[in-house]
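Have a look at the structure first, then read on.

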Amino acid sequence: MEDKVAKIISVILFPLFFPSYAILVLFYYNNFNAFQIPLNAKFMVFTIIFITTSIFPLLFIFMMKKRGMIKSIQMETREERIFPLIITIILFFIAYHMLKDIEVLSLFIYFLIGSTILLLITLLINFFTKISIHMIGVGGMTGALVGLSMRMNADIMVLIILSIFLSGLTGYARLKLKAHNQSQIYSGFFCGLLVMILIFSI
């Protein structure tokens, strides 16, 4: 039963979903004045982000599994992660290029830049050792919220606390599934947290 719950948590908090979660936070949290964007424009932007940063990378991963290039979509070995990471980096850069000139999305652009840098760091680390991409994702989300709070002087403590709680859940799930050890969990979280805070501080 606990393994099943851990798998559900790992799916819901899959790293490729965080750009979509981030844009929803910006759209529907009053502190960021997202009400200035018409509803149809919000839907279009969300669709672009979801397809580019979630659907396309997942399609590539499933195609690689079908062709036998990787054993599972969990990409348990460092070798299996290399090509999917490269493809995802390219797709994140495409999303950035498509949205970078939309002024009202400037806060999300910071998140997208930070996410792309984190993917590059993950790729480099992956050549030497394994790190939890899930924890980099939730750490990055937490760092982005802290960075937003500092940059905009916004009271979003509830969101920050929620993100920390979800980070703990994710860490529990990855340990329960024996996908990572504790050092890979903690290093992933703090890597995502610190890099994203730094990006929003520039």
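A crossing counts as right-handed if the near helix is turned clockwise from the far one by less than a right angle, and as left-handed if anticlockwise. Keep in mind that this is a predicted model.

With that in hand, take H7 and H8: their crossing is right-handed. Their axes come within 10 Å and cross at roughly 150 degrees. Angles over 145 degrees count as roughly antiparallel, so that is how H7 and H8 run relative to each other.

On the H7 side, the contact uses Ser167, Gly171, Arg174 and Leu175, and these meet Gln182, Ile185 and Phe189 of H8.

## The H2–H6 pair

H2 and H6 also have axes that come within 10 Å, crossing at roughly 25 degrees, which makes H2 roughly parallel to H6. This crossing is right-handed too.

H2 brings Phe18, Tyr21, Ala22, Val25 and Leu26 to the contact, while H6 brings Gly137, Val138, Met141, Leu145 and Leu148. Sorted by class, that's nine nonpolar residues, one polar and no charged.

## The core

The largest nonpolar core has 55 residues, and those touching the most other members are Ile23, Val45, Leu99, Leu105, Phe108, Phe111 and Ile156. Helices H1, H2, H3, H4, H5, H6, H7 and H8 each supply at least two residues of this core.

So who does Ile23 touch? Setting aside neighbours within four places in sequence, Ile23 is in contact with Val45, Phe46, Ile49, Leu105 and Phe108.

How values were computed:
Residues are numbered from 1 along each chain as its sequence is written. This is a predicted model: local features need pLDDT of at least 70, side-chain atom pairs count only at pLDDT 80 or more; totals for chains, interfaces and linings use all residues. Side-chain values use heavy atoms; hydrogens and water are left out. A nonpolar core is a set of buried Ala, Val, Leu, Ile, Met, Phe, Trp, Tyr and Cys residues joined through side-chain atoms within 4.5 Å. Buried means under 20% relative accessible area, exposed over 50%, partly exposed in between (1.4 Å probe, protein chains only). Helices (H or I, at least four residues) and strands (E, at least two) are DSSP runs, numbered from the N terminus. Contact means heavy atoms within 4.5 Å. Axes are lines fitted to C-alpha atoms, for helices over the stretch in contact, and angles run from 0 to 180 degrees between N-to-C directions. Angles under 35 degrees count as roughly parallel, over 145 as roughly antiparallel, 65 to 115 as roughly perpendicular and the rest as oblique. Ala, Val, Leu, Ile, Met, Phe, Trp, Tyr, Cys and Pro count as nonpolar, Asp, Glu, Lys and Arg as charged, and the others, Gly among them, as polar.
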